[in-house]
Amino acid sequence: MGHHIDKNGQFQSDRHPGLPPDKIVVSFKHPEAWPALAALAEAYQHRDPELAADIRERLRTCRGLPIDAPLDDDFFSCEGCGKTIKPGDKYTTTLDGCFLCEEDAPSFQDALDHWNERDPSTMNDEERECAESCRKALADHVAAGGSPDDKPLTVMT
Ligand SMILES: [Zn+2]
């Protein structure tokens, strides 16, 4: 068992130690959480349709889409230039869950420079973790034969 399971076998959040056992914080600001939030809306559809609709509404607005955007327009837009990121396009996400197109995405080096400019004493744990993972991502990329000026991109599916 991992370090998120307490002595009673219950789940305990390490990022939110004040949270009671068996609870987890799911943030609309984290793209990793969006599929879970969409599934939650689905699961509540019959029991609480208003909750389901509101979760879906926020999932759309936090991706920069107007509330009344048609469903088939349900794509992500670039925080930098506003361009729609469609399936097949390359993109990256920022720490606060914004999407950036290939052109506006920072390179491995840009991302690390951003953190190096910060005073570590003003950063929270999450930021320090991100700075560390930027440092590691750049080192791994260069070790694998890449250039620091390449961009860490994901293809939209
Ligand atoms: Zn852009």
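Visitor: Which residues of α3 meet α4?
Guide: In this predicted model, F108, Q109, A111, L112 and W115 of α3 meet A131, C134, R135, A137, L138 and H141 of α4. Two residues are in contact if their C-beta atoms, placed from the backbone, lie within 7 Å. By class, eight nonpolar, two polar and one charged residues make up the contact of α3 with α4. Ala, Val, Leu, Ile, Met, Phe, Trp, Tyr, Cys and Pro count as nonpolar, Asp, Glu, Lys and Arg as charged, and the others, Gly among them, as polar.

Visitor: What about the numbering and the confidence limits?
Guide: Residues are numbered from 1 along each chain as its sequence is written. As the model is predicted, local features need pLDDT of at least 70 and side-chain atom pairs count only at pLDDT 80 or more, while totals for chains, interfaces and linings use all residues.

Visitor: At roughly what angle do the axes of α3 and α4 cross?
Guide: The axes of α3 (residues 108-116) and α4 (residues 125-143) cross at roughly 150° and come within 9 Å. That makes the two helices, α3 and α4, roughly antiparallel. Axes are lines fitted to C-alpha atoms, for helices over the stretch in contact, and angles run from 0 to 180 degrees between N-to-C directions. Angles under 35 degrees count as roughly parallel, over 145 as roughly antiparallel, 65 to 115 as roughly perpendicular and the rest as oblique.

Visitor: Is that crossing of α3 and α4 left-handed or right-handed?
Guide: The crossing of α3 and α4 is left-handed; the term applies if the near helix is turned anticlockwise from the far one by less than a right angle, and right-handed applies if clockwise.

Visitor: And how do α1 and α2 cross?
Guide: Helix α1 (residues 34-44) and helix α2 (residues 49-61) have axes that come within 8 Å and cross at roughly 155°. The helices α1 and α2 are therefore roughly antiparallel to each other, and their crossing is left-handed.

Visitor: Which residues make that contact?
Guide: From α1 they are W34, L37, A38, L40, A41 and Y44, and from α2 they are L51, A52, I55, R56 and L59. The contact of α1 with α2 has 10 nonpolar, no polar and one charged residues.

Visitor: Turning to the strands, what is the order in the open sheet?
Guide: The order is β4-β3-β5, an open sheet of three strands with antiparallel pairing. Strands β4 and β5 are the edge strands, each pairing on one side only. Two strands pair if DSSP finds at least two bridges between them.

Visitor: How many bridges join β3 to β4, and how many join β3 to β5?
Guide: Three bridges join β3 to β4 (residues 99-101), and two join β3 (residues 90-93) to β5 (residues 154-155). Y91 stands opposite C101 in β4 and has T154 as its bridge partner in β5. K90 is partnered with V155 of β5.

Visitor: What does the secondary structure of the chain come to?
Guide: There are four helices and five strands, in the pattern α-α-β-β-β-β-α-α-β along the sequence. Helices (H or I, at least four residues) and strands (E, at least two) are DSSP runs, numbered from the N terminus.
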